[in-house]
Amino acid sequence: MKKTNTKEVKDVEQVSRRAAQRTVVKTKRKQAFYDTIAGYLFIGPMLVLTTVLVIIPIVLSGIISFSDWNFIAGIGGLEFVGFRNYVQLFQDEAFHRSLANNVYMIAVVPIAMFIALVLAVLINKATYFKTFFKVIYFMPFISSFVAIALLWRVLYHPSSGPINNFLRAVGIENPPMWLADPSYALISVMIIMVWTSLGFSLVIYMAGLQSIPKDLYEAADVDGASLLRQFFRITIPLLSPTTFFLLITGIVGSFKVFDLIMVLTGGGPAGSTSVIVFYLYEVAFISLNSGYASAMGIILLLLILLITLVQWVGQKKWVNY
């Protein structure tokens, strides 16, 4: 009789244990479901905006790129022409010149990053006025590009600009015409781009420097490593993820420059400062050739994707996480 009761008690305990386990599993499933719903609610607004403002326009642009269309004529004026727009792009000298200018502008990225890294190290070593210097260097990045362009137009003025007046004062009789000279116009724009992007790279590098453990520098000091050796052996390797981030965002940003060119030079003189985005604007909204402009936009998208892919594959050899 006692054995029977003991067995019944064990059976009841097993049933209760299983029921408790089922309850725990159900609770976990409900919690996971609620967490998933909460996650989708958080990313929902961004997902909707990205779909409406980025993904759908890219798809529509890809479709329009195979057509000869003027958006003023409406959908009824849409005429598919196959790959004619893409073939025409490879024969368009203005597009080739704009692409070449964009490639030259990539040089802005490493120059600005190098200057920003040196300044970040110097400011990080300083004891006073760190915040002041960060604000001063960051101001051009958050300033209006229209105001910046107007300011530099005055500075670059061939006859009465402060830059040429200074060059004449130090003995240069015929200083460059800067924005008025096709040989110097693109270089002038690149100088402004370096100046405006310096603050962003500086702040990002300073954040990266503050995440490097000070113990490494103290150990290097004990081992007798010089400051230059510490910079190349500790600072640069540990800042490689930051450098990779700035490299990708900087190159993508160099392909998207538009407002500075629009206000400063209007693509001139003689197309020497025209870039792909500016030429796309001219074709789409001045020449009203939406199909050709869409083909240009798709080529630009593929070019940026290719460059980013090459960087992403190459970073495995030099980025230390």
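This is a predicted model: local features need pLDDT of at least 70, side-chain atom pairs count only at pLDDT 80 or more; totals for chains, interfaces and linings use all residues.
**Entry 1**

I started at arginine 84, whose relative accessibility of 45% makes it partly exposed. I then wanted to know how aspartate 68 sits, buried or partly exposed? Aspartate 68 comes out at 31% relative accessibility, so I wrote it down as partly exposed too. That follows because partly exposed covers the range between the buried limit of 20% and the exposed limit of 50%.

Next I asked how many salt bridges the count gives. The count comes to 1 salt bridge. I found aspartate 68 paired with arginine 84 in a salt bridge, with 3.4 Å between the closest N and O atoms. Aspartate 68 belongs to strand β1 (residues 67–68) and arginine 84 to helix α2 (residues 84–89), so the pair ties together parts that are 16 residues apart in sequence.

**Entry 1: α4 against α8**

I moved on to helix packing and took helix α4 (residues 108–125) with helix α8 (residues 185–210). Their axes come within 7 Å and cross at roughly 45°. What does that angle make of the pair? I noted α4 and α8 as oblique to each other, because 45° lies in neither the parallel range (under 35 degrees) nor the perpendicular one (65 to 115), nor is it over 145. The crossing of α4 past α8 is right-handed.

I then listed the side that α4 brings to the contact: Val108, Ile111, Ala112, Met113, Ile115, Ala116, Leu117, Leu119, Ala120, Val121, Ile123 and Asn124. From α8 I have Met190, Met193, Val194, Ser197, Leu198, Ser201, Leu202, Tyr205, Met206, Leu209 and Gln210. Sorted by type, the residues of this contact are 19 nonpolar and 4 polar, with no charged ones.

**Entry 2: α11 against α14**

I wrote down a right-handed crossing for α11 past α14.

Which residues make the contact? On α11 I found Phe244, Leu247, Ile248, Ile251, Val252 and Phe255, and on α14 Leu300, Leu303, Ile304, Ile307, Thr308, Gln311 and Trp312.

**Entry 3: Gly62**

I looked up glycine 62, which is part of helix α1 (residues 2–64). Glycine 62 is buried, at a relative accessible area of 17%; that is the call because the limit for buried is under 20%.

Where does tryptophan 178 lie? I found tryptophan 178 in the loop between α7 (162–169) and α8. Its phi is positive, about 55°, although tryptophan 178 is not a glycine. With 12% relative accessibility, tryptophan 178 counts as buried.

Leucine 288, another non-glycine, also has a positive phi, about 60°. I placed leucine 288 in the loop between α13 and α14, and at 24% relative accessibility this residue counts as partly exposed.

The peptide bond from glycine 268 to proline 269 is cis, with omega near -10°. Proline 269 is in the loop between α12 (259–264) and α13 (276–286).

Serine 274 is buried, at 7% relative accessible area. What does serine 274 touch, not counting residues up to four places away in sequence? I listed Arg97, Ser98, Asn101, Gly267 and Tyr279.

My last stop was asparagine 164 in helix α7. Asparagine 164 is buried, with a relative accessible area of 0%. Leaving aside neighbours within four places in sequence, I found asparagine 164 in contact with His157, Pro158, Pro175, Pro176 and Trp178. That brought me back to tryptophan 178, the residue with the positive phi of about 55°.

Conventions. Residues are numbered from 1 along each chain as its sequence is written. Side-chain values use heavy atoms; hydrogens and water are left out. A salt bridge is a side-chain nitrogen of Lys or Arg within 4 Å of a carboxyl oxygen of Asp or Glu. Helices (H or I, at least four residues) and strands (E, at least two) are DSSP runs, numbered from the N terminus. Buried means under 20% relative accessible area, exposed over 50%, partly exposed in between (1.4 Å probe, protein chains only). A crossing is left-handed if the near helix is turned anticlockwise from the far one by less than a right angle, and right-handed if clockwise. Contact means heavy atoms within 4.5 Å. Axes are lines fitted to C-alpha atoms, for helices over the stretch in contact, and angles run from 0 to 180 degrees between N-to-C directions. Ala, Val, Leu, Ile, Met, Phe, Trp, Tyr, Cys and Pro count as nonpolar, Asp, Glu, Lys and Arg as charged, and the others, Gly among them, as polar.
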